[in-house]
Amino acid sequence: MPSPILPISSHPSSSASAATTVVKAKIDADPLATILISSKFDPETAIPITPVLPRASSYNSTSNVNNNIVSFANNHQQRFLRTSSDSSLALLADETPRQSISREVGHVAAETFYLSGLCLKLLSYLGVGYRWITRFLALGCYAMLLMPGFIQGYTYIHIYLLLFFLIVAFTTCCSNFVCRLDLYLPKTSQGTKPVVAFITGGAWIIGYKAWGSLLGQQLSERDIIVACIDYRNFPQGTISDMVEDASQGISFICNNISEYGGDPNRIYLMGQSAGAHIAACTLVNQAIKETGEGDSVSWSVSQIKAYLGLSGGYNLFNLIEHFHTRGLYRSIFLSIMEGEDSLHQFSPEVLVQDSNVKPAVSLLPPVILFHGTADYSIPADASQNFADTLRRVGGKAESILYDGKTHTDLFLQDPMRGGRDEMFEDVVAIIHGEDEAALAKDAVAPPRRRLVPEFMLKLAHDVSPF
């Protein structure tokens with residue numbers, strides 16, 4: 001059974017020494033899985049929450065937190081922290097497990113009602129054409145076929161996902177958006193770990209940090225920290241908002257990851273599908289800022305060891321008509337991208353060819369792009385062309401293609417299949433490339449167990465709307 005998520009709440013105390021209150025929850029189903037959630041941040045009344053992790057020696061005093069971290073907290077209010085460490089948490093003294101479950105169920109019921117309204121609001125933006133209807137039906141079938149894998153493999157997905165898996169993504173469509181950050185921490189605390197800052201996909205409309213849960217868990221098993229960054233979706237935000245959210249999330253990781261055992265000198269930026277596009281835009285935009293005069297920056301592209309793009313699109317001019325034929329209508333897509341005049345600004349492949357941007361290209365880290373040759377959502381040419389363009393203008397880039405793989409095979413079906421996952425092993429080999437001890441451990445790592453029967457994976461492959 002998936003592990004529960006229990007919120008940590010803080011309450012003012014008359015005692016000056018009682019600065020924080022922590023909820024502890026014992027997870028019987030999986031003693032290695034512990035979830036830590038910080039309370040909402042209110043600069044006027046909130047009491048800071050100190051993460052309870054077996055990392056005491058690697059934490060800095062709160063007096064050392066810089067202004068950027070405080071700014072991130074003000075803007076993003078909550079951080080969801082996940083760990084597969086050996087420590088477990090105890091229940092609040094004044095709340096029984098039964099009361100806690102009742103509170104959670106009540107919260108889920110209220111959120112379900114609220115999110116249903118958000119779905120209707122979103123559909124009013126999209127227009128209920130036959131393509132959208134068929135794709136939503138296909139998405140429902142696809143999700144049901146992979147549900148055994150979601151339930152078994154995603155300790156993040158608790159009662160919320162069980163009740164409304166298909167609509168939980170629309171939390172990012174509300175007007176009071178709260179950006180969150182999930183951290184997946186290895187169970188061992190020895191030494192500093194490489195870090196992957198991951199931005200999930202979702203057609204710029206249903207992106208949600210939980211979609212990176214499976215990748216986060218699997219990479220954490222290889223001693224890699226994964227941070228899944230949330231961002232606003234359309235119609236609540238447009239591409240500029242998404243890039244801004246991604247940048248602030250990356251900034252928080254670069255400036256704060258050492259507190260969680262991460263190595264600030266080994267941070268890898270990774271994105272999948274629309275998330276790969278957002279991540280690439282964020283990276284190029286940051287490089288341009290750094291070459292400008294007087295632009296203040298809270299993180300630097302020099303802190304990113306490499307960019308890993310999975311099934312992304314990087315030239316919007318080449319994709320707009322393709323998306324239109326697949327149901328992401330031209331009018332909607334242009335609204336997401338802030339009009340036709342903005343396509344140049346948010347097409348990294350086009351932008352890096354601008355002579356004014358050439359100094360920024362030299363600052364970019366190595367770029368490695370992964371793509372399946374049978375990807376019909378975003379053709380593999382998108383990654384090949386971007387890699388070729390980067391090399392032509394002086395950047396370091398390569399593309400790796402996987403024969404016969406679709407848009408979701410690499411990210412979902414293959415990881416759920418168990419055994420050896422070629423793309424996953426390639427990513428791990430890049431991250432551990434300079435660590436001989438880690439590579440030796442990877443060579444003898446046990447194969448992952450299967451999460452979904454093969455016939456269901458094949459059916460999911462056939463009905464996938466992506």
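Here are legends for a few close-up views of this predicted model.

Residues are numbered from 1 along each chain as its sequence is written, and side-chain values use heavy atoms, with hydrogens and water left out. Since this is a predicted model, local features need pLDDT of at least 70 and side-chain atom pairs count only at pLDDT 80 or more, while totals for chains, interfaces and linings use all residues.

**View A. Helix 6, residues 239–256.** Helices here are DSSP runs of H or I with at least four residues, and strands are E runs of at least two, both numbered from the N terminus. Helix 6 has 18 residues and spans 26 Å from first C-alpha to last, close to the expected 26 Å; that expectation is 1.5 Å times one less than the number of residues. The rest of the structure largely encloses helix 6, because 14 of its 18 residues are buried (under 20% relative accessible area; exposed is over 50%, partly exposed in between, with a 1.4 Å probe and protein chains only).

**View B. Aromatic pairs.** Rings of Phe, Tyr and Trp (its six-membered ring) pair if their centres lie within 6.5 Å; planes under 30 degrees apart are stacked, over 60 edge-to-face, and the rest tilted. The structure holds seven such pairs. One of them joins Y208 and W211 edge-to-face, 5.5 Å centre to centre with 70 degrees between the planes. Y208 is buried at 7% relative accessible area, and W211 is buried at 18%. In another, Y314 and F386 are stacked, because their centres are 4.6 Å apart and their planes sit at 25 degrees. Y314 is in the loop between strand 7 (304–310) and helix 8 (316–325) and F386 is in helix 12 (residues 381–392), so this pair ties together parts 72 residues apart in sequence. Y314 and F386 are both buried.

**View C. The largest nonpolar core.** Such a core is a set of buried Ala, Val, Leu, Ile, Met, Phe, Trp, Tyr and Cys residues joined through side-chain atoms within 4.5 Å. The largest one has 67 residues, with W204, I253, L269, Y307, F333 and I336 making the most contacts inside it. Helix 7 (residues 274–291) gives the largest share, nine residues. A second, separate core has 34 residues, including Y142, L310, F411 and V452.

**View D. H277 in helix 7.** H277 counts as buried, at 0% relative accessibility. Beyond its neighbours within four places in sequence, H277 has contacts (heavy atoms within 4.5 Å) that include W204, Y314 and F346.
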